[in-house]
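Subject: Structure handover

Hello,

Here is the structure I promised to pass on. My notes follow below it.

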Amino acid sequence: MDQSLSPPPNPGSTSKDSSSGAFDLWYGTSGPHDAAIVIVGEAWGYEEALSKAPFVGASGSEFTRILKDANIDRAQCLMTNVCAIRPPDNEFWRFFNGQAEVRGLYPGDHVLPELQRLYNQIMAHPRQLIIATGNYALWALSNVTGSFSVPQSNTVSSSGRTVPIRAPNGIMSWRGSMIHEEVTGARIPLLPIIHPAAIIRQWDLRYITVHDLRARVPMALAGNWTNASPPVFLAPPTFVQCISRLDDWLRRVEIGPLRLAADAETYRGLITCFGLADSPNFAMTIPFVRKTGAETPYLLDSYWSPDEEAQIVSRLCRLLMHPNLDLEGQNFIYDVQYTHHEWGIIPYANFDTMYAWHVCLPGTPKALDYLSSLFCRYHRYWKDDHKEWDLSTGDLATLLRYNAEDCVRTFECGTAIRTLITQFGLTDQWDWMRRKRDLALRMMIRGVAVDEKLRDRLGYELMETYNKLALDLLRIIPQAWAGEPGKSAKTKEPVLWFSSTKQLKWVFGEMLGLKIPTHRKTGSETLGKEALNELREKYPVWIPMFDLLGDIRSVGVYLSHFIRAPLDPDRRMRCSFNPAGTETFRWSSSKNAFGRGANLQNLPVGDED
C-alpha cells in the first residue's frame, strides 16, 4: 500500500476522529446523516483519500452533474463508501484476500469492519432509498451479484492452496433494477447504478445512468417501489384453463384485431413452453415437456396426453395464423424457426421490439432486459432466472414463470416503442425494416441446395492441402519441441502446436524469442491475422512460417465452417440472418436455431489470397 495514503489507525466502524480522538461512525462520509437517500460508492481513490470524503475528483464532479441532470440534490444525500480506505493501486480486489466467504467473495481484515460501519450508518436513521454505485456496493448490499477470478491475482486459502482472488460482477445487468437491500434486514429500496468512474471511461453509459436515477428515485421517495398489482401468470395452466383462455382469444380475434405478445422457450431442439400475453398484467405459459421421474432424471416426456396436446396445438396454430392477430415478439424470427419445425406454421409478427428499437436508436443494446429497464414501470432484472434451462437441476415452474415474465415485458416495451416509432416519424423506416426481416425469414426457412458430391470432393482436396501444410510446419518446428499434442474437447482429435493457442505462443515467444503483439482492445497477447502481418514486418526471416500458418488457418476455417457445416434432414443448408445486427444496418449471419448451417454471409468465393 502507498504508505503516504494509509488507512486510519482503526479502519472499521470505530474509526477515530484525529482531531477529537472520539470514535466516529460517520468517518469518510458527506451530507446529512439522516438523509432519506444514501449513496454508496466502493472505495477511496487518490482524491478521496486526500480529502477523506467520498465522490470527489473527476468522477465525483461528474457524478454531481449526473445527479443534477436527474433532478437530485447531492447536498441532500448521505454519501458514503463500502470502505473509507484507499486500496493499493486503486484496485479494490486487493482487499479481498480473506478466508471466510461472504456472498461469493472473501473480504479481508480491512473490509469486514468497514462493512459493519456501512450497515450501522444505514440503520442509524430511517431511509427511503439506497443507491449502490458499482459492483462492490451492489455486493455489499444484496445477494444478486456473481463473481469472477481476477487475472494474475492469488491468495492462500484456508486449505493451504493458492487460489485466485474473486471480484463481483453483475452491475451491468442489475443497473436500474428496483430491488431491496438484503443485509440489514430492513429491506430498504435499493437502486443499483453504474459507477461514475466507469462512466468516465465509457461515456455512452452516462445517459442510461441519468435515466435510471430520473425514473426510479421519485418512485422510491413516493413509496411506490413495488407493484401493488403484479401481473397474473397462468404458468402452468390446467388443461381446462388453457383451452378456455385459447378459446377466448380465438373468439376475440374473430371479432377484430387482437394484440398478443408471444415467446417460446426451447431446449435441445424442442419447444419446452410457449407463452402469450394480452397485456402487461396477464400471461399464460403453456408447457409442452416435463422431466421424467428420479430414475431417469435426464429424459423428457410430454406434459399433456396426446389428445390434450393435439387440442392445444390446434388452437394455438389457428390463433397464431389468424389474419386479425397483431402478434409481437422479441427477435421472433428465432421462435418461428421452432414453430415451423414442430408445428408446421410460420406466424407473422406484425411488431418486433428488438427490430423496432434498432430502427429508433441503432447501435444501442437491444436485449429485452435492457428495453425493460427503459420502458417497464417496475423493472427488475430477471434474465438470470432461467435463461438456459438446466435439465439436471432446472425447475419447470421457474422456467414457466421466466417465460411469462418475458411475455408481459415484451408487451409493455412494445407499447412504448410503437409510440416512439410514431413520435420519431419513423413509420417508413420501420416498414422497410419489417420487409427486410420478412425477407430474412423466408431465406432462413427456404435454405439453399447443396451439391453434396462437389462438397465431398472439395472436402477431400482441402484435407489433402491441410495435411501438406501441416507437414511443412512440422518440418520447421517438430511437435516434440513444443511438447505433447493437446486434445480437442469436441472431437477428441490431437491438437498440434500450430492449432494450440498455448503452444503457439510458447513457440513464438519462448522458443523463437519473438515479441508477440497485443490486442488493441484487451491488451492481451494475440496471434490473429493482424498480429501475423505485424510479425511479418518485424521478423522477415520467419515469413515462410507465417505464410504457412495463415494458409493452414484459412483451409481449416473453410473446412470446419462451410464444407463440414451440418445440413438439415432434407439436405439443404439453413442459417440465421439478422438485419438488425449492426448500427450500420449491415446484415449478420450465423448457424440456425438448431446449430446447423453456417455463416453464409462470409462464404469465400475462392479467389482470396
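Helices (H or I, at least four residues) and strands (E, at least two) are DSSP runs, numbered from the N terminus. By that rule the chain has 19 helices and 23 strands.

This is a predicted model: local features need pLDDT of at least 70, side-chain atom pairs count only at pLDDT 80 or more, and totals for chains, interfaces and linings use all residues. Residues are numbered from 1 along each chain as its sequence is written, and side-chain values use heavy atoms, with hydrogens and water left out.

**Whole chain**

The C-alpha atoms fill a box of roughly 90 × 80 × 60 Å along the principal axes. Of the 609 residues, 49% are buried (under 20% relative accessible area, 1.4 Å probe, protein chains only). Take contacts (heavy atoms within 4.5 Å) between residues at least 6 apart in sequence: 66% of them join residues at least 24 apart.

An open, mixed sheet has five strands, ordered β2-β1-β3-β9-β8. Strands count as paired if DSSP finds at least two bridges between them. The edges are β2 (77–83) and β8 (179–180). Each has a single partner strand, so one side of each lacks a neighbour in the sheet. β1 (residues 37–43) runs parallel to β2, with six bridges between them.

Best wishes

Notes
Buried means under 20% relative accessible area, exposed over 50%, partly exposed in between (1.4 Å probe, protein chains only).
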